[in-house]
Amino acid sequence: MKKAFVFIENQAFNTLMELAARTRERGYTNLLIFRKMQPHEKERLNEYEQQHRHPLFEQICEVERWDYSRLRDLVEEMAGKQPLAGILTVSGLFTADGLLGASVAQIASEKGLPSQSVDGLYRSNNKYLTRDALRHAGLQTVDFGLATEETSLIEHARRIGYPVILKPINGCASQLVIKCENEQELLQGYRSALKKLPRSIYRDLYACTHRFADKKGNQIIFDPLRTMLVEKYIEGPEASIEIVATESDVIPLLVHDKVLVSEGDRVVYEHLLVVPPVRFTQEELENIRRYAVEVAKATGIKNSLCHVEIRYDKHSGPQLLEINPRVGGMLVTKSLETMIGFHALDAMVDLALGSFQPRPYPCTTDQYGMFTLYPPHAGYFERVEGLDKLNRIPGILSSTLLFPEGTQIHGDDEEVFLLMCWVKGQTYEEIRDIYEQAKREVRFHVKKEAPAR
């Protein structure tokens, strides 16, 4: 009897499909526990089945709740029908019922299968616990505090010193990341965020009140809908680094230089990334790699790809912005494959099987870049103009429209990648020119209100 791969996921449908295609190619049966599917997602699965003459998933269980006991019972039922080879989630973010990745890790461990670390997942998904883990390990980190009401908010900010950053303790997509230059902006940002969090696209993410111990053993109750992290604003050029954490080791893979980043009122936007980096010396790059490895070790992450974001302060060196226990977004998987021959999705499967084997990862010196174009605002995405001209620009290797025309999209308080491009140039300046030309050619038509039906 074939062994089965169980996927438990509530977000990343496209990546989920790619992972499932790989496990099927390896001879496994795919079983899926997923949220209620959107019509275009069902259409994608139907297209796959028509093309390959078999379904991608032998069983799909759509759920509305993500509590651990319910998930465990579903996996137990699946395991009673055929042996399991691995259990895998893609994003594993917080839900209203708990940290999904931690539930998946616990279930996999109970089944005797390779798993991520429950402790590591909490300390990397909760940004307060991340800072606490770094401080406990003696690693460089900015001053920070947990604002549970306005009194503690002001006390932390005065101690830290302005400017400070406000951010949700378990946020994603740079949602509601607010820079505050003074106490007035601090209070305005805090009050605005607390009003927006319950109505945001990620409201289920923030609805998870959870209890977890800091590194001193103090139990803390975190309520993401009523709590914000306050931390010192970090100056300097920004970079990200992909790493892989095995059961016993942490290996740096590839550094991306975020050459164009802008700070909106409530969101930080990443526009253009290049690789190899163009703004850092070899010594600085080595400092980034070494620091990222120590950050991952401090949080306790294992059996996971990791995405670490830093800013390089000219006085103190690399400073952590955040760490995520998953591969980076945009086109990072394409970059890993092109630059160092690392196939991120295959590595995720290998980590879930316990068969991942690290090797040397030499990097090509060719200059590549990735950029994203954002919608002008949230609303009904009517159509896009200029894709034909975009794809004829020399140096454009691929372009991907992430949301189909005729769908509702967000993007007022968070990063929403609408169009992503992978490019190659002789120099960074050439890649920058390609990006600027793409901005001129492409136009998104987004109505703030959906058409009446």
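Guide: Let us begin with N303, which lies in the loop between α10 and β16 (304-313). Please bear in mind throughout that this is a predicted model.

Visitor: Why is N303 called buried?

Guide: The relative accessible area of N303 is 12%. Buried means under 20%, so N303 with its 12% is classed as buried.

Visitor: What is the phi of N303?

Guide: Phi of N303 is near 50 degrees, a positive value in a residue other than glycine. Most residues other than glycine have a negative phi.

Visitor: Which loop holds R53, and why does R53 count as exposed?

Guide: R53 is placed in the loop between α2 (39-52) and β3 (59-62). Its relative accessibility is 75%, and the term exposed requires over 50%; R53 therefore counts as exposed. R53 also has a positive phi, of about 65 degrees, although it is not a glycine.

Visitor: What makes T23 a buried residue?

Guide: T23 is found in helix α1 (residues 13-25). Its relative accessible area is 0%, and the limit is under 20%, so T23 is buried. Not counting residues up to four places away in sequence, T23 touches F5, F7, Y28, N30 and V349.

Visitor: How do you know that the side chain of T23 makes a polar contact with the backbone oxygen of A20?

Guide: The side chain of T23 reaches that backbone oxygen of A20 at 2.9 Å. The cut-off for a polar contact is 3.5 Å, and the pair therefore falls within it.

Visitor: Is V384 buried or exposed?

Guide: V384, in strand β19 (residues 379-385), has a relative accessible area of 14%. As this value is under 20%, V384 is buried. Leaving aside neighbours within four places in sequence, V384 is in contact with L401, E405, V442, R443 and F444.

Visitor: Which residues of helix α7 are buried, and what covers them?

Guide: In helix α7 (residues 150-160) the buried residues are S152, L153, I154, H156, A157 and I160. Their cover includes β7 (144-147), β8 (164-168), α8 (183-196) and β12 (228-232). At the start of α7, a side-chain oxygen of E149 comes to within 2.8 Å of the backbone nitrogen of T151. After α7 comes G161, with a positive phi near 95 degrees.

Visitor: Where is P163, and what kind of peptide bond joins Y162 to P163?

Guide: P163 is in the loop between α7 and β8. The bond joining Y162 and P163 is cis, with omega about 0 degrees. Another cis bond runs from V275 to P276, with omega near -5 degrees; P276 is in the loop between β15 (268-275) and α10. Most peptide bonds are trans.

Visitor: Which residues lie nearest the centre of the second largest pocket?

Guide: They are P276, P277, L285, R289 and C363, from a lining of 14 residues. The volume of this pocket is about 230 Å³. β14 (250-263) and α10 (282-299) each supply at least two lining residues, and β14 gives the most, with four. By class, the lining has 10 nonpolar, three polar and one charged residues.

Visitor: How confident is the prediction for the protein chain?

Guide: The mean pLDDT is 93, and 99% of the residues reach 70 or more. Confidence is lowest in helix α9 (residues 203-206), at a mean of 82, and highest in helix α6 (residues 127-137), at 97.

Terms used: Residues numbered from 1 in each chain as written. Predicted model: local features only at pLDDT ≥ 70, side-chain atom pairs only at ≥ 80, totals over all residues. Heavy atoms only, no water. 1 Å grid on protein atoms, 1.4 Å probe; cavity = no way out; pocket = protein on both sides within 12 Å on 5 of 7 lines; lining within 4 Å. Points joined across faces, edges and corners; volume = space filled by probe spheres on them. Nonpolar A, V, L, I, M, F, W, Y, C, P; charged D, E, K, R; others polar. Buried < 20%, exposed > 50% of the residue type's maximum accessible area, 1.4 Å probe, protein only. Polar contact = N/O pair within 3.5 Å; in protein donor to acceptor, adjacent residues only side chain to side chain. Contact = heavy atoms within 4.5 Å. pLDDT = per-residue confidence, 0-100.
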